Every structure is written in structure tokens, then in C-alpha cells.
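Hi,

Here is the structure I said I'd pass on.

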Amino acid sequence: LDPVLAIIGRPNVGKSTLVNRILGRREAVVEDTPGVTRDRVMYSAHWNGRNFTLVDTGGWEHDARGIHARVAEQAEMAVDLADAVLFVVDSAVGATATDEAVMKMLRRSMKPVILVANKVDDFAQEAESAVLWGLGFGEPYPVSALHGRGVADLLDKVMEVL
Ligand code: GDP
Ligand code: MG
């Protein structure tokens, strides 16, 4: 079985864009695996000759308990089946209360977590991502899922922990 990399984070931070970027670059076969819940979609991906399974999360709606609980619950399910986690944060927005809720859940898990500061579209925006050190997962990896900036370095890092 291939190792599993889960991509988690609150809605709109760019998780699915990052998935497409990772898959598109490597021209991996994109396959929705039937049978998984609609909130989690799995894809076969590869990097530097290694295969892994990407799990995208999302598509969820606010429910009665609010967005924090919903995101944290989805993240928890994905983390359970993952060997490593990409925790994606929007660097332009910074760490929100929802990000903090996810962060606390990730702390309790024993899985390796790589913090991704997405939407760093150019060098000038890199400084903004430094505040994300405050989430306590070490160095944030600045990337632009939209343009591909920093994604190769991120995947090299992923291969070290996966
Ligand atoms: P998800 O809800 O976390 O899966 O986020 P999406 O991948 O659907 O992206 C949400 C929005 O953010 C879309 O409008 C994307 O085009 C935009 N977005 C994603 N990644 C980037 C990025 O690196 N830079 C910029 N500027 N926008 C991005
Ligand atoms: Mg998405």
C-alpha cells in the first residue's frame, strides 16, 4: 500500500488547487475512488519515483455546530488514515480561530505535519508567511498552489517524512 498524504485546512485556503498542482505536474492519473465519503477524495500521485496517495478534504458545509467543529472533524478523519499531513493555511489571511482549532487536533495526533503557507504568489509575500511560525509546527513552507511556486521544494520535504 502506498503511503497516504492528507491535505487539510479550512475552506478556501487552496487545498484542491494544491492537489491539482501536485497531480498535474507529475501527470499522474487522477482517480476519484468511489466508496469514500464525499468529504474525502483520494488520488494516486507520485514524486521522484515514489507513489503516494493524496487525500483531499473539503466540500463540507457549515452545520449547526459551526465551521470550527466541522473542519476539525473532517481533518481528524483524514489524519486518522494518513501517514503525514499537509496543513494548509492562507498566508494572506494568517492563522484564524479555525486554523487554531485544527492545530490543536493535529498536536494530539502523532502524525508528521508540514505547515504550508499557501497563496505566496511572489517573493514579496514570503515575509507574511513567517507569522505562521506561531502555529508551532516549525517552518512554514511558502507555496503558490496557483502558480506552482515552491511546490517542488514542498514535495521534496514531504518525501523526507512520508
Ligand atoms: P479549498 O477550499 O481549500 O480546496 O480551496 P480551493 O483550492 O478551492 O481554492 C480557493 C480559492 O483560492 C480559489 O479561488 C483559488 O483559485 C484560490 N487559490 C488557491 N491557491 C492559490 C494561490 O496559491 N494563490 C492565489 N492567489 N490564489 C489561490
Ligand atoms: Mg477543496
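Helix H3 (residues 97-108) has 12 residues, so at 1.5 Å a residue it should span 16 Å, and its end C-alpha atoms are 17 Å apart, which agrees. (Helices are DSSP runs of H or I with at least four residues, strands are E runs of at least two, and both are numbered from the N terminus; the expected span is 1.5 Å times one less than the number of residues.)

Before going on: this is a predicted model, where local features need pLDDT of at least 70 and side-chain atom pairs count only at pLDDT 80 or more, while totals for chains, interfaces and linings use all residues. Residues are numbered from 1 along each chain as its sequence is written, with chains lettered from A and ligands numbered from 1 in the order written.

Back to H3. Its buried residues (20 or more other C-beta atoms within 10 Å of their own; exposed means 12 or fewer; C-beta atoms are placed from the backbone) are Thr98, Asp99, Val102, Met103 and Leu106. They sit on the same side of H3, because they cover an arc of only 140 degrees around the axis, taken from the directions from the helix axis to the C-beta atoms. The face turned away from that side carries the exposed Ala97, Glu100, Lys104, Arg107 and Arg108.

Cheers
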